[in-house]
Amino acid sequence: MTASVLAYHGVEARPAEQDPNGIFTPPDVFEEQMAFLARRRNVVTLDELLRGTGRGRPSVAITFDDGFRSVLTEAAPILERFGFRATVFVPTAWIGKSNEWDAGGNAPIMSAEELVEARSRGIDVQSHGDAHVNLAQEGYDEAVRDLTKSSDRLEALLGERPRFVAYPWGASSDATTRAAEAVGFTAGFTINTKGGGAFARARVPVTPLDSGRLFALKTSGRYLELRWSAPVRAGYAVVRPAVRALFDRSRA
Ligand SMILES: [Zn+2]
């Protein structure tokens, strides 16, 4: 059984027109999803998932890209209620600012103090690069420079270097993954690159549109195989939710 790494962004209620990229999950939907995980899945940390622990129910790790404040104010209390731990990937140049890399982006990103608080409440803080540039479109040297800056900044903030990086925009190239390894990360995560190997591990994007059935599929361990399979991509889906998954407006 393949374990799943879920990729969320913010957790807040927004009208669709204020969420063109589909990155904000309403708190009540998030709570329903966590209740489903508590009943039917084995929620683990990224470290546990990478060690391959867990038998029986499908394993799921919970991650959030961008370090939005709503992860602390909205998601953390729900996670605590279920006893779940999670990981947040923050773009270090944007700590205490907002997601201005998205057109019209106005969602606040946690401050340094808030990141420390998140960590104390069971949300591990890891790297989303520094400047939130698309590293898949940069060369090796620029990727090393950006990831080193991010790693240095997180070490200054938290007292230890990050182990994991989730590439901005969910995208990586061979140069990106080589850079992540050279900078000292032990694992790298994508969304929109199919990936493969320790430094390009594909995650499962969660969007505000995910129905109960689609969320069940996304956490089953079978979703990525369907998402990237040629027949499904060509529209020959046997499983209808997987077709919808092709139209995920997922971003990272
Ligand atoms: Zn991002």
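Asp124 is buried, with a relative accessible area of 18%, where buried denotes under 20% relative accessible area, exposed over 50% and partly exposed in between (1.4 Å probe, protein chains only). The residue belongs to strand 7 (residues 123–127); helices (H or I, at least four residues) and strands (E, at least two) are DSSP runs numbered from the N terminus. When residues up to four places away in sequence are not counted, Asp124 touches Asp47, Ala86, Thr87, Val88 and Arg163, contact being defined as heavy atoms within 4.5 Å.

The model is predicted, with local features requiring pLDDT of at least 70, side-chain atom pairs counting only at pLDDT 80 or more, and totals for chains, interfaces and linings using all residues. Residues are numbered from 1 along each chain as its sequence is written, and side-chain values use heavy atoms, with hydrogens and water left out.

The chain contains ten helices and eleven strands. Of its 252 residues, 53% are buried. Among contacts between residues at least 6 apart in sequence, 63% join residues at least 24 apart.

The largest nonpolar core comprises 42 residues, and those with the most contacts inside it are Tyr8, Phe30, Met34, Leu37, Ile62, Phe64 and Leu79. Helix 3 (residues 69–82) gives the most to this core, contributing six residues. A nonpolar core is here a set of buried Ala, Val, Leu, Ile, Met, Phe, Trp, Tyr and Cys residues joined through side-chain atoms within 4.5 Å. Neighbours within four places in sequence aside, Phe64 is in contact with Tyr8, His9, Val11, Phe30, Val71, Ala75, Leu79, Ala86, Thr87, Val88 and Phe89.

Two packed helices are described by the angle between their axes and the distance between the axes. Helix 1 (residues 27–40) packs with helix 3 at an angle of about 25 degrees, the axes lying 10 Å apart. Helix 1 is therefore roughly parallel to helix 3. Axes are lines fitted to C-alpha atoms, for helices over the stretch in contact, and angles run from 0 to 180 degrees between N-to-C directions; angles under 35 degrees count as roughly parallel, over 145 as roughly antiparallel, 65 to 115 as roughly perpendicular and the rest as oblique. Pro27, Phe30, Glu31, Met34, Ala35 and Ala38 of helix 1 make the contact with Glu74, Ala75, Ile78, Leu79, Arg81 and Phe82 of helix 3.

The axes of helix 5 (residues 140–158) and helix 6 (residues 174–183) come within 9 Å and cross at roughly 40 degrees, so these two helices are oblique to each other. On helix 5, Tyr140, Ala143, Val144, Leu147, Thr148 and Ser151 meet Ala175, Thr176, Arg178, Ala179, Ala180, Ala182 and Val183 of helix 6. Within helix 6, the residues Ala175, Thr176, Thr177, Ala179, Ala180 and Val183 are buried. The buried residues of this helix pack against helix 5 and strand 8 (164–166).

Most residues other than glycine have a negative phi, and most peptide bonds are trans. His132, although not a glycine, has a positive phi of about 60 degrees. This residue is found in the loop between strand 7 and helix 5 and is buried, with a relative accessible area of 3%. Trp169, likewise not a glycine, has a positive phi of about 65 degrees. Trp169 lies in the loop between strand 8 and helix 6 and is partly exposed, with a relative accessible area of 22%.
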